[in-house]
Amino acid sequence: MKGQNAFVQRVHTPSFNLQSLSVVAHAAWARLVRWQMLHRQRQRQQLAALSDEMLKDIGRSRADVEAEVSRPFWDDPLRRR
């Protein structure tokens, strides 16, 4: 009976504290930011792969694309607005 009580107590006792929760939240946030940067980089690569005719259809020039592609991967154009 004693062994069972110790097991039940261990199962119901939280094994994390506020600091470990903070570490997990920070890691999740960092992963999300990294995913956004990779996504932005892929979008810029896809934009660069468009033909001049396709760019004309969306109202962009090759110069616009070159300016966008040359930006650093962490540079988010939406944050400037």
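Arg-40 lies in helix H2, where helices are DSSP runs of H or I with at least four residues, strands are runs of E with at least two, and both are numbered from the N terminus. This is a predicted model, in which local features need pLDDT of at least 70, side-chain atom pairs count only at pLDDT 80 or more, and totals for chains, interfaces and linings use all residues. Residues are numbered from 1 along each chain as its sequence is written, and side-chain values use heavy atoms, with hydrogens and water left out.

**Arg-40**
- Arg-40 counts as buried because its relative accessibility is 12%, buried meaning under 20% relative accessible area with a 1.4 Å probe, protein chains only.
- Leaving aside residues up to four places away in sequence, Arg-40 touches Phe-73, Trp-74, Asp-75, Asp-76 and Pro-77 (contact: heavy atoms within 4.5 Å).

**Chain**
- The protein chain has four helices and zero strands, in the order α-α-α-α from the N terminus.
- Of its 81 residues, 10% count as buried.
- Among contacts in the protein chain with a separation of 6 or more, 47% are between residues 24 or more positions apart.

**Largest pocket**
- The lining of the largest pocket consists of Gln-36, Arg-40, Gln-43, Arg-44, Leu-47, Glu-68, Asp-76, Pro-77 and Leu-78; a pocket is an open set of points on a 1 Å grid over the protein atoms alone, where a 1.4 Å probe fits, with protein on both sides within 12 Å along at least five of seven lines, and lining residues have an atom within 4 Å of a point.
- Helix H2 (residues 18-48) gives the largest share of this lining, five residues.

Notes
Buried < 20%, exposed > 50% of the residue type's maximum accessible area, 1.4 Å probe, protein only.
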